[in-house]
Amino acid sequence: MKINSDDFRVPAGKKVNLKKWPTLVKPVYNSKKEYNILLEKHVQELSSLQRLHYACNRYAVLLIFQAMDAAGKDGAIRHVMSGVNPQGCQVFSFKHPSATELDHDFLWRTTQSLPERGRIGIFNRSYYEEVLIVRVHPEILRTEGLTDKSLDETVWNGRYRSIVDLEDHLYRNGTRIIKFFLHLSKEEQRRRFLDRIENPEKNWKFSLADIEERKFWKHYMKAYEECLSATSTKDAPWYVVPADDKQNARLIVSQIILDRFNGLKLAYPKTGAKRRQELDLIRKKLVT
């Protein structure tokens, strides 16, 4: 089965209803052995493209991962990017903002971590938290210095506009953004939470707060729907990846990244006449 990236892309302007987007699809692999072969193929292709991307030094690439707890963000990043040279890739995880970060606008802390040209930046959670968890728990806004008069529906539309404007600006200046929402079912999250409890090596991943957040599942789904609808654009689209099957999700994510890289039409820098003369001179010195 061939993966078609467009099957998972949210069209610009489309109103998203997550109940109509599957959390599980037919796997593209027939066995664990085939999965490993396919993933290794994707990893090697991405490694090659990353070297080309670094040498070309024309674009920056930003990957954004958002999801409910236990959806597999960490695993997807770890497996898919396992062949990438660490010198050309940076991963940032954004947790609760510090006091200094709260004294700035909501985009400030993530903007400082944007990738340079020739590099891949990965945001494991991102500025989108400010229209997701903050929307589900609007009391957080008060810690950001906003007055009670600001705590109405207009704040979210304003933040969507700020995000889209930022991403438009980045696109115009050479950054290509690929955004993934790993779409997990509530039942599969329950199974994974139980696994974290039963498996001693995974106990550290689990806390009572995770269970408390499950009570807000419907609120999170509504927040995601509105976010995806408002911020998926032609140049910075969202991809809704079925995440109930972790292995399948990794293959889908890696294929989407490969497709987007291939669409950049990258090429190694051409060797001009002056550079060729320099290389010829260096060769002569090495062979004498």
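In S5, Trp-238 is the bridge partner of Lys-179. This is a predicted model, in which local features need pLDDT of at least 70 and side-chain atom pairs count only at pLDDT 80 or more, while totals for chains, interfaces and linings use all residues. Residues are numbered from 1 along each chain as its sequence is written, and side-chain values use heavy atoms, with hydrogens and water left out.

**Exercise 1.** Find the order of the strands in the open sheet.

*Solution.* Begin with the terms: strands are DSSP runs (E, at least two residues), numbered from the N terminus, and two of them pair if DSSP finds at least two bridges between them. S4 and S5 run parallel and are joined by five bridges. Next, eight bridges join S4 to S1, again in parallel, with Ala-67 having Leu-182 in S4 as its bridge partner. S1 (residues 60-67) then pairs with S3 (residues 120-124) in the parallel sense over five bridges, where Leu-63 stands opposite Ile-122.

**Exercise 2.** Decide whether the residues of S4 are buried or exposed.

*Solution.* Buried means under 20% relative accessible area and exposed over 50%, with partly exposed in between (1.4 Å probe, protein chains only). Thr-175, Ile-177, Lys-179, Phe-181 and His-183 point one way from S4, whereas Arg-176, Ile-178, Phe-180 and Leu-182 point the other way, and all are buried. Nine of the nine residues of S4 are therefore buried, so this strand is largely enclosed by the rest of the structure.

Technical notes:
Helix = DSSP H or I, 4+ residues; strand = E, 2+ residues; numbered from the N terminus.
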